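Let's take a walk through this one together. Have a look at the sequence and the fold first, and then read on.

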Amino acid sequence: MHLYNLTLQPPTAVAQAIVGNFSGARTQEIIVSHGTRLELLRPDVQTGKLSTVIASDVFGSIRSLAAFRLTGSTKDYAIVGSDSGRIVILDYDPKTSSFVKLHQETFGKSGARRIVPGQYLATDPKGRSVMISAMEKAKLVYILNRDAAANLTISSPLEAHKSSAIIHHIVGLDVGFENPLFAALEVDYAEADQDPTGEAAQNAEKMLTYYELDLGLNHVVRKWSEPTDPRANLLVQVPGGQVASSERFDGPSGVLVCCEDHIIYRHMDKPQHRVPIPRRSHPLEDPKRGVIIVAAVMHKMKGAFFFLLQSEDGDLFKVTIDHDEDEVKSLKIKYFDTVPVASSLCILKSGFLFVASEFGNHYLYQFQKLGDDDDEPEFSSTSFPSFGMAESFIPLPHAHFRPRGLDNLALADEIESLDPILDAKVMNILPNSDTPQIFTACGRGSRSTFRMLRHGLEVEESVSSELPGIPNAVWTTKRTEDDPYDSYIILSFVNGTLVLSIGETIEEVQDTGFLSSAPTLAVQQIGSDALLQVHPQGIRHVLSDRRVNEWRVPQGKTIVCATTNKRQVVVALSSAELVYFELDLDGQLNEYQDWKAMGSTVLALSVGEVPEGRQRTPYLAVGCEDQTVRIISLDPESTLETISLQALTAPPSAICIADMLDASINKSQPTMFVNIGLQNGVLLRTVLDPINGQLTDTRTRFLGTRPIRLVRVTVQKNPGILALSSRSWLNYTHQSLMHFTPLIFENLDYAWSFSAELSPEGLIGITGSVLRIFQIPKLGMKLKQDAVPLSYTPRKFVSHPANQYLYLIQGDHRVMSESAAEKKLQEMRTKGQKVDEEILQLPVEVFGRPKAPAGTWASAICIIDPIEARTIHTVELDNNESAFSVAVVPFAARDNELHLVVGTAADTLLTPRSCRSGYLRTYRFTDEGRSLELLHKTETDDVPLAVMAFQGRLIAGVGKSLRLYEIGKKKLLRKAENKSFASAIVTLNTQGSRIIVGDMQESVHFAAYKAPENRLLIFADDMQPRWVTALTMVDYTTIAVGDRFGNVFINRLDMRVSDQVDDDPTGAGILHEKGQLSGAPHKTKLLCHFHVGDLITSIHKVSLVAGGREVLLYTGIHGTIGILVPFVSKEDVDFISTLEQHMRSEQSSLVGRDQLSWRGYYTPVKAVVDGDLCEAFARLTGSKQSAIAGELDRTVGEVLKKLEQLRVTSSGF
Amino acid sequence: QSSELRYTANTQLEHLHARYTGTGHADLTKYEWLTHQHRDTLSSIVGHPTLLSYLAVADGQAMGRMKFEMAERMLQPCGPPPQKDED
């Protein structure tokens, strides 16, 4: 088996985000790290929308990011710390729209190791140096400078190591132009390691240490080190340094030390200031719980600065420092607003706040005000003795605030993110859909969602109106060349034409000069200010003064099809003749004297747009009934001569020539594509050679069951093609590569571009007798998401074999269930304590639920109707129980009646994993599956993490034991058991009497149930200890597994062993076989192995296209969706692997990680080709492309075609 | 001469051990080994964003909190060291 790995949806989680002027222009951009991918986002200041400029895979794991700018420069660079053991400086090149690696300095081994730097980055605000640090001990300082030619230079590293020190955070201090200073939060464990009493560890001090880079002596010294709060976790830079002109201080310099419950201002030899982190005055808030700051951002404005700190509940606090020159007068903190908990916060100078959520969608907010003049309570260090530091080891009295809705911020944009995907299923539930949908359970806590993903572009409909009849075509047109928007909508009916004018309202007009008594074949705004209508009897040229020049078809003939552009008109007559017209310089339409006889009825015609600054386009494409397409010259030298001919497999139904940019073919200018739609629903895309008019590089694609219609449209100011069949598809250029994506919209019979003031980039279409105006808001987002909100973190879900409903279990740790919370509130009320009812009414999806101590759970089972996209029933679990597994089981003892079995546990603790009691809850489906009725609860001694139907019974993985249950009247009855699993059973799969058991830490075991002896026997296992998270059976002997460290692999059991086990009726043979390597007697063999880079949460064997091959689809916790496609031939394997080899040497990783070692992070890659790397071929420069293609004995076109074919036939993407 | 060689080799080894924290040696106690293992694991969790996400989802904590707790635990992941025998 050889597989091809392809990412369909790259990870959407943001690990870190930085802001800067990366393109060197005035606008600020944001670079986000998706863990294994870098993306540049550009906010549109006018509309407040974020758009992706470029995203690229780095083939490594990004651990830290920092922006920096050399003194006096206007351009920011990005520094990347990763698991490559190298520091990399990236520059965004706006010309080629790509990241360029400026420097790459090696300092250590690869891998996210304890003492290899890469975890933290800190830059000097003046851009003179950078510190890169590991989790422990190692810190390196690099000096950055520019050489004579103003190129960025980097020095060799200077060490600032401190052995046996755990580093919590580092930050660069703002000291103006004095020697660069870095602050680190460190804990020394040397003493703790030696002290058996544990006292040293108890009293270990967390040190705030300053490292100074002496630029004169070129070395780093430890300048100052003082203990600070032992629960400090984060440092924030405070502005400082003098302004050269006025000698005034920008700020006091120093750092904010964020600790549990407190913020401390700290600087060398300066008094400290301490304020408490305010807490929510929620009645259920646990006063003993500490609050820490998880994200922080400092913003400098003219002559002022402030900080926004975010607590782990998502509350933003505005922190300000009153200072007189470099002396701090007071530190103040107040509540600002509540937004989702962020992994990074970025403030843009244009007044936006980008919140890169740690889970779920990311948001862009606009500042409405800065919270300066509101009555929010403010807490100042001056209101405490010695600025809050009188007794620094005793916490300050609690400060409280009342959370409220957004006041200072307003939502501007939202970026959809699937992160985290906790479970997924691929099913085709929707009616009238020929491709399956991906259902994902996403999100965390009260912001969780259940999403249905469909491949296609989202369509936003703005107008939908019923027409008097069924039109067969629609056009829009401007009145003159320079109009910004369209003026008329022209609808063609079987026996007439209707013209509507676009204004404040859309209404019918009569006096346009168009013929209304006949259907229309084409409409064109021609010349500078004239209009043109082609109808079966002739061509009407409507001049600006409403005079009409009409060309009439000779008696007995009609026009069957026509094509037009701004200067040229070609019509085909029923007599299979072509008539060519061209606009002369006076605006007169001139007929070319000779007609061209085609010899076969013309079915479709197309000319491209007139190129900028030219008189005409030189090529005409003609599709004839004899299943050919001919390219005909329109050049004055050889007018209407046939240049080339292509044979087709079916009669053409439409042709469309369009000039579109595709960087894989030509990076600098658009390529001329001839798209040919056939009557059997197949689309051919060929490239028209502009020099000799030959058709090359044909790609085919099946679009649907109806004859194809093709329309040239404008999408985001670029030409695109709308292809209409039984589905509508859009062909467009996005990030300079060509894409072909279906629209998620009703079938369109015809469509055209539509541009009006309210919808400048719209499209207009007809479906039956309905006229629709719509937009495509998110190009590039190939998966449309429909979300159902959930109340807790989803864990797993199952489908029902007989109905369309999905049964989902959800649960949250450290959250009180509704009933427990209500009980506690009731208690408080009866005790006469004041309960703030208003705070209880705050929406939980924004503010979350109050945190409870470990071991508290809230959980529910809900029934989701995926078609209606809503939850139809919820069963809340009481008794501090939480659900962990779910299955639909037909019990043979109940005539195969289906039951829902949910594995739950009460008072569960995660470390060490334990519970008061586990339960198997058995529900009966009532109301056709729309609700549930609890039959009984069966106690278990451990948490049932996996349950599954098995031969009319239930099989459950309860902790370390595998058990078979039969249904009883009051309980499930245990029938068989095997207790010899290593840690805990997490996945179960079955075929026949074989059970595949995935263990949490000890990989996969093959077990068999031997009915005659009622035995569950393990007969084979894996040689490697794998931390299984997801598993599926590829066939009876083969399994595909995902593990916790981001690997997918395929194991196979020897066929001989498999047969031998099946032939042994009692299992006595297995029972007496000798174990191997202290495990089962047989071992599985590793067939394929690949490191995806995302933690695999589910894996499925599915077919994604109608009639397509089956592939393995996996989802990752960071929102990755990818597929593994089996190669069909040895030739393909050789070809693609050789291409991959070449790509490895050509495409070096942006973080400096070796691609091969990244894909073989834990175990060497085996029999899997990295499709993401291969597809980067399209972005290589032309010369490199042809060099590689030459080595492969192919043309560049053939390589690209093969790559596209692999993607399209397996996924349809 | 050979003893001298061994002597220099030893100092080199010592130097390497000091340089590469976490490297094992023949006289490593169980406690030391375990502590190294745990510190390596904890820093690996912090260093791999996916693992940190996974634990944060399971535990219902913010990722920032998870990272902080992991780093805190690196101080003494396996409890205090065992009493040394006096002899």
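**Where the two chains meet**

Start with α4 of chain B: the cover over its buried residues includes β15 (165–172), β17 (206–214), β19 (232–237) and β24 (293–301) of chain A, along with α2 (30–47) and α3 (49–59) of chain B itself. Contact here means heavy atoms within 4.5 Å. Helices (H or I, at least four residues) and strands (E, at least two) are DSSP runs, numbered from the N terminus. Helix α4 covers residues 63–73 of chain B, and its buried residues are Met63(B), Arg65(B), Met66(B), Phe68(B), Met70(B) and Ala71(B). Buried means under 20% relative accessible area (1.4 Å probe, protein chains only).

A word on the ground rules: this is a predicted model, where local features need pLDDT of at least 70 and side-chain atom pairs count only at pLDDT 80 or more, while totals for chains, interfaces and linings use all residues. Residues are numbered from 1 along each chain as its sequence is written, chains are lettered from A and ligands numbered from 1 in the order in which they are written, and side-chain values use heavy atoms, leaving out hydrogens and water.

Now step back to chain A, which has 12 helices and 92 strands. Its C-alpha trace spans about 110 × 95 × 70 Å along the principal axes. Of its 1213 residues, 61% count as buried. Residues 24 or more positions apart make up 56% of the chain A contacts with a separation of 6 or more.

Finally, look at residues 858–1178 of chain A, where an unreviewed UniProt entry places the feature "domain: RSE1/DDB1/CPSF1 C-terminal". That stretch is 13% helix and 50% strand, with its end C-alpha atoms 49 Å apart.

Methods
Buried means under 20% relative accessible area, exposed over 50%, partly exposed in between (1.4 Å probe, protein chains only). UniProt positions are given in the numbering used here, feature names are shortened, and annotations may be inferred rather than shown by experiment.
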